[in-house]
Amino acid sequence: MRLSKKKQSNCMISDIGWWDHQLRHIEDWKAWMTLRDILKPGTIEFNDRPKGVTGGKENGRCITKLENMGFRVGQGLIERFTKDTARFKDELDIMKFICKDFWTTVFKKQIDNLRTNHQGIYVLQDNKFRLLTQMSAGKQYLEHASKYLAFTCGLIRGGLSNLGIKSIVTAEVSSMPACKFQVMIQKL
């Protein structure tokens, strides 16, 4: 069956919008996969004093850029992962989804421990975080480990943002490769 020219043009316009939407998700996924591959120890150098910059300004810019990239990827991934799920009941339900389904899809394992004070603060603990397992278990890389968690902090924050939760996410490493992500929910 042949469509009239008017119908053909309408189909093409809606198809273009759909493709544009899909390409955005593909770009998010490609960005995540690229970052996953390059965020191996020794690949990105976070210098304390790069040439021409004093006090580590460049270091802060790198961390901010990684966090912002993670935010954008987190938004795209959570949109894709939740399109066929039922609506969440509350904050705790959303955090459980992040710890189980989202984390499993991205890092191939669940969060090991989720704690909350039921007042908007959640602590997600991963005892063998994939981005840190390739680093030495010794203390020599401990001070640099938090720099490799900036992308993941953005990933969590972006996912929560698309689910309607504004948050601040910080990471802490006390012993490698374990890490804790603290999520502070911003009340509107």
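A residue is termed buried when its relative accessible area is under 20%, exposed when over 50%, and partly exposed in between (1.4 Å probe, protein chains only). By this criterion Cys99 is buried, with a relative accessible area of 5%. The model is predicted: local features need pLDDT of at least 70, side-chain atom pairs count only at pLDDT 80 or more, and totals for chains, interfaces and linings use all residues. Residues are numbered from 1 along each chain as its sequence is written, and side-chain values use heavy atoms, with hydrogens and water left out.

Cys153 is likewise buried, at a relative accessible area of 6%. With a disulfide defined as a pair of cysteine sulfur atoms within 2.5 Å, the count is zero. Cys153 takes part in no disulfide, the nearest cysteine sulfur being that of Cys179 at 8.6 Å.

Helices (H or I, at least four residues) and strands (E, at least two) are DSSP runs, numbered from the N terminus. Two strands are considered paired if DSSP finds at least two bridges between them. An open sheet is formed by four strands in the order β1-β2-β4-β3, with antiparallel pairing. Its edge strands, β1 (113-116) and β3 (167-172), each pair on one side only. Between β3 and β4 there are six bridges in the antiparallel sense, and Val169 is placed opposite Val183 of β4.

Contact denotes heavy atoms within 4.5 Å. Angles run from 0 to 180 degrees between N-to-C directions, the axes being lines fitted to C-alpha atoms, for helices over the stretch in contact. Helix α3 packs on the sheet, where it touches β1, β2 and β4, and its direction makes about 15 degrees with that of β2. Helix α5 lies across β3 and β4 and runs at about 155 degrees to β3. Ten of the 13 residues of α5 are buried, among them Phe151, Leu155 and Ile156. Just after α5, Gly164 adopts a positive phi of about 90 degrees.

A nonpolar core is a set of buried Ala, Val, Leu, Ile, Met, Phe, Trp, Tyr and Cys residues joined through side-chain atoms within 4.5 Å. The largest such core has 35 residues, and those with the most contacts inside it are Leu124, Phe129, Leu132, Phe181 and Val183. Two or more residues each come from α2 (57-81), α3 (91-107), β2 (121-126), α5 (150-162) and β4 (179-185). The most is given by α3, with nine residues. Leaving aside residues up to four places away in sequence, the contacts of Val183 include Met95, Leu124, Ile156, Leu160 and Val169.
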